[in-house]
Amino acid sequence: MTHYRYPHARDHVPLILLVPAAPLREGHWMQRWVQWSEHCRVLELGMWDEPHRNTWVNKLNLAIRRADRPVVVVTDDIAALALAWWVQFESVGPENPVLGAVAVNPPNMDLPGADPRLSRFGACPRQTLPFPTFVVSDLDASAAQQRAVIRLARDWGASPVCDQIRGDWASGWMLLQTVLELEPAGAVTPQWSQDENVAVREALRQWAGI
């Protein structure tokens with residue numbers, strides 16, 4: 001198990017590590033976040049069409065180690081799998097530099113054949129992540145995708161969130177402030193109340209046993 005320790009964690013300004021799963025297009029919210037804060041950094045994993053699991057995990061591990069300060073990891077799409085496999089490969093425990101994570105639009109691991117890139121990762125690790133995590137689904141995603149996000153969040157011990165991921169995604173920036181403990185935990189609430197998300201609400205009720 002790899003151990004990390006920051007004796008004076010409050011003295012360190014966290015690094016916000018933005019990890020896309022494809023080259024960032026103009027106007028992508030990750031690009032805007034980099035403009036908003038000097039503490040945001042984009043980690044390009046490369047090999048976009050044919051990702052190599054161990055290469056992606058190694059790049060993420062190196063970026064976290066080189067940060068030499070606490071890190072918040074924000075992933076998009078299948079980059080969430082690099083984070084999950086990093087936790088498993090490195091046997092990451094409570095003493096680690098990751099303060100928290102936001103996994104945006106992770107792939108539907110219940111339908112691995114839907115995305116040929118997923119076959120290069122193997123089964124998705126389902127262990128509880130050792131840091132606070134939000135798993136975010138787009139409000140316009142299908143009910144099947146949103147249910148898959150709920151199941152993944154449950155397995156990872158994360159909080160599921162449904163939101164409109166558009167433009168600057170300012171509400172996502174607020175969510176990030178919650179992870180950084182700059183906003184109270186109740187400042188951002190999941191947006192599962194839209195009428196078009198009846199199936200998602202039903203899945204949440206089943207999950208909660210009510």
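Tutor: Begin with strand pairing: two strands pair if DSSP finds at least two bridges between them. Helices (H or I, at least four residues) and strands (E, at least two) are DSSP runs, numbered from the N terminus. Here Val-19 stands opposite Thr-75 in β3. Leu-18, in turn, stands opposite Val-74 in β3.

Student: What kind of model is this, and how are its residues numbered?

Tutor: It is a predicted model, where local features need pLDDT of at least 70, side-chain atom pairs count only at pLDDT 80 or more, and totals for chains, interfaces and linings use all residues. Residues are numbered from 1 along each chain as its sequence is written, and side-chain values use heavy atoms, with hydrogens and water left out.

Student: What is the mean pLDDT of the chain?

Tutor: pLDDT is the predictor's confidence in each residue, from 0 to 100. The chain has a mean of 82, and 80% of its residues reach 70 or more. Where pLDDT is low, the predicted coordinates should not be read in detail. Residues 1–10 stay under 50. Residues 184–198 also stay under 50. A contact means heavy atoms within 4.5 Å. The model has 20 contacts beyond four places in sequence for residues 1–10, and 27 such contacts for residues 184–198.

Student: What is the strand order in the sheet?

Tutor: The sheet is open, with six strands in the order β2-β1-β3-β4-β5-β6 and parallel pairing. Its edge strands, β2 (40–42) and β6, each pair on one side only. Neighbouring strands are turned by 20° against each other on average, direction ignored.

Student: How many bridges join β3 to β1 and to β4?

Tutor: Strand β1 (residues 15–19) pairs with β3 (residues 71–76) in the parallel sense over five bridges. Six bridges join β3 to β4, and these two also run parallel. Within that pairing, Val-74 stands opposite Val-102 in β4.

Student: Which way do the side chains of β3 point?

Tutor: In a regular strand the side chains alternate between the two faces of the sheet. Val-71, Val-73 and Thr-75 point one way from β3, while Val-72, Val-74 and Asp-76 point the other way. Buried means under 20% relative accessible area, exposed over 50%, and partly exposed in between (1.4 Å probe, protein chains only). Six of the six residues of β3 are buried.

Student: Which strands do the helices touch?

Tutor: Angles run from 0 to 180 degrees between N-to-C directions; axes are lines fitted to C-alpha atoms, for helices over the stretch in contact. α3 packs on the sheet, touching β1, β3 and β4 (98–104), and its direction makes about 135° with that of β3. Helix α4 (residues 143–156) packs on the sheet too, touching β4, β5 (133–138) and β6, at about 175° to the direction of β5.

Student: Why is α3 called largely enclosed?

Tutor: Nine of its 11 residues are buried, so α3 is largely enclosed by the rest of the structure. Among the buried ones are Ala-79, Leu-83 and Trp-86. The cover includes β1, α2 (53–67), β3, β4 and α4. After α3 comes Ser-91, with a positive phi near 50°.

Student: How do I read aromatic pairs?

Tutor: A pair of aromatic rings is described by the distance of the centres and the angle of the planes. Rings of Phe, Tyr and Trp (its six-membered ring) pair if their centres lie within 6.5 Å; planes under 30 degrees apart count as stacked, over 60 as edge-to-face and the rest as tilted. A search of the whole structure finds eight such pairs. The rings of Trp-29 and Trp-169 have centres 5.0 Å apart and planes at 70°, so this pair is edge-to-face. It links distant parts of the chain: Trp-29 lies in helix α1 (residues 29–36), and Trp-169 in the loop between β6 (159–163) and α5 (170–179), 140 residues apart. Both Trp-29 and Trp-169 are buried. Ring pairs also link Trp-29, Trp-33, Trp-36, Trp-169 and Trp-173 into a cluster.

Student: What surrounds Trp-85?

Tutor: Trp-85 and Phe-89 form a tilted pair, 5.1 Å centre to centre, with 40° between the planes. They are four residues apart in helix α3 (residues 79–89), so about one helical turn separates them. Trp-85 is buried, at 9% relative accessible area, whereas Phe-89 is partly exposed at 37%. A charge sits over a ring if NZ of Lys or CZ of Arg is within 6 Å of the ring centre and within 35 degrees of the ring normal. The charged end of Arg-53 sits over the ring of Trp-85, 4.4 Å from its centre.
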